[in-house]
Amino acid sequence: MTTKQLKTFAADEISKHASADDLWITIDGSVYDLTRFADMHPGGAGPIIEYAGKDATEAFYGLHRQEILAKYNRYKIGTIEGFQTQIDWYEPGANSTVPYAEVSAFQGFKSPYYTESHFKFKTAIRTVLDGIADEARSYEDSGERPPDALVQKLGAAGILAVNMGPGPWLNDYPIPGGVSPQEFDYFHELILHAEFARMNAPGFVSGLLGGMIISVPTVLNFGSPALKAKIVPAVLSGKKRMALAITEPYTGSDVASIKTTAVKSPCGKFYIVNGVKKWITTGHWADYFSTAVKTERGISMLLIERSEGVETKIIKTSYSTSAGTAYVSFENVKVPVENLLGKENKGFRVILSNFNHERWTMIAGATMGARCAIEDCFKWANQRKVFGKRLIDQPVIRNKLAKMVSEVESIHNWLENITYQMNYMDYNEQADKLAGPIALCKYQVTRVLHNIADDACQIFGGRAITKTGLGRRIETMQRTYKFTAILGGAEEIMADLGIRQAMRKFPAGARL
């Protein structure tokens, strides 16, 4: 494949190509021949002809994201001689230089939490995910299943395994950035979840990772050696997919009220499972289901393979059906007794075991989603002109940005503090000390998302309610942020849990 040779043009040459039949424009010193493109322009030929033979930089960035220039780069024919470009061009894997668009450590500030290992890991993850972002958004739009080839590519790169956090399972996989399993910690994982959120494809990411993150730990921590050997490598390599099936049409947070039953067969070798589950993330794509069931004297957890009697139907929610959110039916499904996770009638321990980690991953993604909104609002406020002024020149806009920045920086510093504790606490200490703070942090981050989505919509106006174009990331956020407020424990439940946990530590003799 030959590379097109770009030419250099004198500035006065551009104005000679100013008709519909010979139409050049310039954008930040680059010269584009749009003669053949004008009639194909989605907005009609008029807006392009208006700038024929002229500089269209301000007009272009008032209507389009920079990625459009990359998409139509084939129309670029050269550059203006001696022109110094004014606009930064994003390079895959690079950090944003927009204030507060990144965690402060990645914008030159000092941090006690991040080492060179974290910087290498972040660059490696962002480079990979930047490379698949367009594909991810195409599946987000189409609602199709995340493709096997892509999932297995991420599995081979170790990107699925690191979603499980630090642990011995990492010894079997490469870790991006050359990080060793011994140095991988929760700050590496925090970076990972933030980078996936940055792709702005929440349904796709849920279909890819959502079910896996909350279901695989039930096997890692409570499955038999044989079950672990069968399930874990298959899922972390991307060859199989897995979901957590707890919620039912009749009950959500009140797990004790589930109606799905598991009755031992007369031979004692199987559980016979009957019931339904609803809103099961990744469920429509799943090969395995870590499933809460009612047994003789309580709640148990079973690993159920997709087999005869298991049916799934897609549920359309506010984000993409690429998430595979499903209604799952179990009708006389035979499950080997060896597929019991933990002990019979002791399933609550299995269910509760991963709540802290699940909620923490959601907070990590939410804070980056908020940062993406802030980045876009900063950019838009600087380039958008209304009544002869930039938006950023209006005090009311600066006030909105101040609120947005203050809220996200506050919540992220809390998240980093919790993450630091996770690095130095074993499971039992985390369960004792962090359940409350994580619940409250999750409650607060969803309030932050609510406020930032609201202000971002006002800054972007109609573009914030348009799925494509300049406000794309804002539209996605305002449409989907409630998932974080509901999944993994509703806001009200989180707030109450946090205070109830605090009351357990409240000193009996404390008085005013």
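Predicted model: local features only at pLDDT ≥ 70, side-chain atom pairs only at ≥ 80, totals over all residues.
Colleague: Which residues does Val98 touch, not counting residues up to four places away in sequence?

Modeller: Start with the cut-off: a contact here means heavy atoms within 4.5 Å. By that test, and skipping residues up to four places away in sequence, Val98 touches Gln107, Glu375, Phe378 and Lys379. Take Glu375: Val98 and Glu375 are 277 residues apart in sequence, yet their C-alpha atoms are 6.2 Å apart in space.

Colleague: Okay, back to Val98. Where does it lie, and is it buried or exposed?

Modeller: Elements first: helices (H or I, at least four residues) and strands (E, at least two) are DSSP runs, numbered from the N terminus. Val98 lies in the loop between E5 and H4. For burial, under 20% relative accessible area is buried, over 50% is exposed and anything in between is partly exposed, using a 1.4 Å probe and protein chains only. Val98 has a relative accessible area of 15%, so it is buried.

Colleague: What share of the residues counts as buried?

Modeller: 51% of the 512 residues. And of the contacts between residues at least 6 apart in sequence, 73% join residues at least 24 apart. The chain has 16 helices and 15 strands. Its radius of gyration is 26 Å, close to the 24 Å that the globule rule gives for 512 residues, so the chain is as compact as a globular protein of that length. That radius is taken over C-alpha atoms, and the rule is 2.2 Å times the number of residues to the power 0.38.

Colleague: Now charges. How many salt bridges does a search of the whole structure find?

Modeller: The general idea is that side chains of opposite charge can pair when their charged atoms come close. The criterion is a side-chain nitrogen of Lys or Arg within 4 Å of a carboxyl oxygen of Asp or Glu. The search finds 30 salt bridges. One of them joins Asp130 and Arg198, at 3.0 Å from N to O. Asp130 sits in helix H4 (residues 116-142) and Arg198 in helix H6 (residues 186-198), so this pair ties together parts 68 residues apart in sequence. Arg198 is buried, at 18% relative accessibility.

Colleague: Which residue does Arg241 form a salt bridge with?

Modeller: Asp148, with the closest N and O atoms 2.6 Å apart. This one links distant parts of the chain, 93 residues apart: Arg241 is in the loop between helix H8 (225-236) and strand E6 (242-245), and Asp148 is in helix H5 (residues 148-156). Arg241 is buried at 5% relative accessibility, whereas Asp148 is partly exposed at 37%.

Colleague: Which residues are linked in a network of salt bridges?

Modeller: Arg65, Glu67, Glu375, Asp376, Lys379, Arg472 and Arg473.

Colleague: Last one: which residues form a nonpolar patch on the surface?

Modeller: Patches take residues with over 30% relative accessible area and no salt bridge, joining like charges within 9 Å and nonpolar side chains (Val, Leu, Ile, Met, Phe, Trp, Tyr) within 5 Å. Here Ile499, Met503 and Phe506 form one, with about 320 Å² of accessible area together. Such areas come from the Shrake-Rupley method with a 1.4 Å probe, and for residues only the protein chains shown count as cover. Ile499, found in helix H16 (residues 491-504), is partly exposed at 48% relative accessible area.

Note on methods: Residues numbered from 1 in each chain as written. Heavy atoms only, no water.
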